[in-house]
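Thanks for coming. Please have the sequence and the model open while I talk.

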Amino acid sequence: MEWPLNVSCCSPGSPPGPNRSRGPEERRPGGGGGGGGGTTTPAPSVFGMLALALLALLALATFLGNVLVLATILRVRAFHRVPHNLVASMASSDVLVAALVMPLSLVHELSGRRWRLGRRLCQLWVACDVLCCTASIWSVTAIALDRYWSISRHLDYTLRARRRVSNVMIALTWALSAVISLAPLLFGWGETYSEGAEACQVSREPSYTVFSTFGAFYLPLAVVLFVYWKIYKAAKFRIGSRKTNSITPMPEDEESKSRRTGLFSNKSICGCSTGEWVSSLIPPPRPGAGVKEATQQPQMVFTVRHATVTFQTDGDTWREQKEKKAALMVGILIGVFVLCWIPFFLTELISPLCACDIPPIWKSIFLWLGYSNSFFNPLIYTAFNKNYNSAFKNLFSRQH
């Protein structure tokens, strides 16, 4: 999954022609016009150095943000349960992307897209790249599935079942990611390193390209889009089918007042100097009881001695507001995931199959756009969870 940024694309000594490979196997030695048959790396331009600096900051911010999420989950006991274990799995994969993949990608950039660190490190780098990025993508899918089941099956999807299912999803996420990343090494499915060309890249074998891109992106993409559509439908159905039948008392005569006093006898809220507060739901209507159907709004009645005060509850219930917020969070998480990764995986799938010549600068932009998804994940999830914000404040306050 690595296509380095061409930092010398704007320098005077860089060749104007396109380069389809991550390595320099198609680059002509000696640069653009001067003599010499060597393979010296052109000096990066000002734009290239600025881009590298921004990418280094992106890697650092990604690492710190996800480490903060992991530290919070480990230190706060309330987070030692679902769905925070799914968030911890996602943060772990994103930390590895920032710690293992991005720094070596920057080294590759500074070396002029030449790999000079040997075959073993190249294989390790490519395997970590595919493993961590795939695990991050499938972790987003697992969070979306957990949210869907908690909304659509909130009675059957108990805490014990939720814990068991989430552990299975985490295990499957890392197992599938390991199979996709290690397939070239275990089964000889294409080559990742070329010593003569000093090139290091993901296997370009067409069959492996189809297998890896579908397993790492297109299959989870189909799952999350289907799941979010189901989440939206489930939330909309539950909000639209709320039971709001209630009744409202009619003006009372003396007989009904005495009857009401006998009916509402559980005086359990508080006693005040102005009288006793009595809380009760309005009783079911009976023929001739002096009640009528309300206009589909739930009500609560408080009796203070001889006065009846009716409070009408408007808006969504607490659970519905929670579900709306969770659905919005999952929607933004999925939307950012799609926007970050779909350009890279489209070019990754098309290039080996049609031998299309895509400029390396665009491949690099698409790659680092995908890496940036690991930066956005913790921001999105914690922004919609007040518990994380409070935990962050407590974590920093304890440090001081």
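The buried residues of helix 8 are Pro360, Lys363, Ser364, Phe366, Leu367, Trp368, Gly370 and Tyr371. Bear in mind that this is a predicted model. Helix 8 covers residues 360-371, and its twelve residues should span 16 Å at 1.5 Å a residue; the end C-alpha atoms are 16 Å apart, so the two agree.

Next, the annotation. An unreviewed UniProt entry lists seven stretches under "transmembrane region", among them residues 86-104, 124-145 and 365-384. In the model, residues 86-104 are 100% helix, with end C-alpha atoms 27 Å apart. Residues 124-145 are also 100% helix, and there the ends lie 31 Å apart.

Now the surface. Leu50, Leu54, Leu57, Leu60, Phe63, Leu64 and Val67 form a nonpolar patch with about 640 Å² of accessible area together. Leu54 belongs to helix 1, residues 46-75. Leu54 counts as exposed because its relative accessibility is 52%, and the cut-off is over 50%.

Last, how many salt bridges are there? The structure holds three. In one, the side chains of Glu191 and Arg119 meet at 3.0 Å, N to O. Glu191 sits in the loop between helix 4 and strand 1, and Arg119 in helix 3, 72 residues apart. Another joins Arg162 and Asp146 at 2.8 Å. Arg162 is in helix 4 and Asp146 in helix 3, so this pair ties together parts 16 residues apart in sequence. Both of these residues, Arg162 and Asp146, are buried. There is also Arg204 with Glu348, at 3.0 Å. Arg204 lies in the loop between strand 2 and helix 5, and Glu348 in helix 7, so parts 144 residues apart are tied together. Arg204 is partly exposed at 21%, whereas Glu348 is buried at 7%.

How values were computed. Residues numbered from 1 in each chain as written. Predicted model: local features only at pLDDT ≥ 70, side-chain atom pairs only at ≥ 80, totals over all residues. Heavy atoms only, no water. Patch = residues over 30% accessible without salt bridge, like charges linked within 9 Å, V, L, I, M, F, W, Y side chains within 5 Å. Areas by Shrake-Rupley, 256 points an atom, 1.4 Å probe, with all protein chains shown as cover. Salt bridge = Lys/Arg side-chain N within 4 Å of Asp/Glu carboxyl O. Helix = DSSP H or I, 4+ residues; strand = E, 2+ residues; numbered from the N terminus. Buried < 20%, exposed > 50% of the residue type's maximum accessible area, 1.4 Å probe, protein only. Expected span 1.5 Å × (residues − 1). UniProt positions renumbered as here; feature names shortened; annotations may be inferred.
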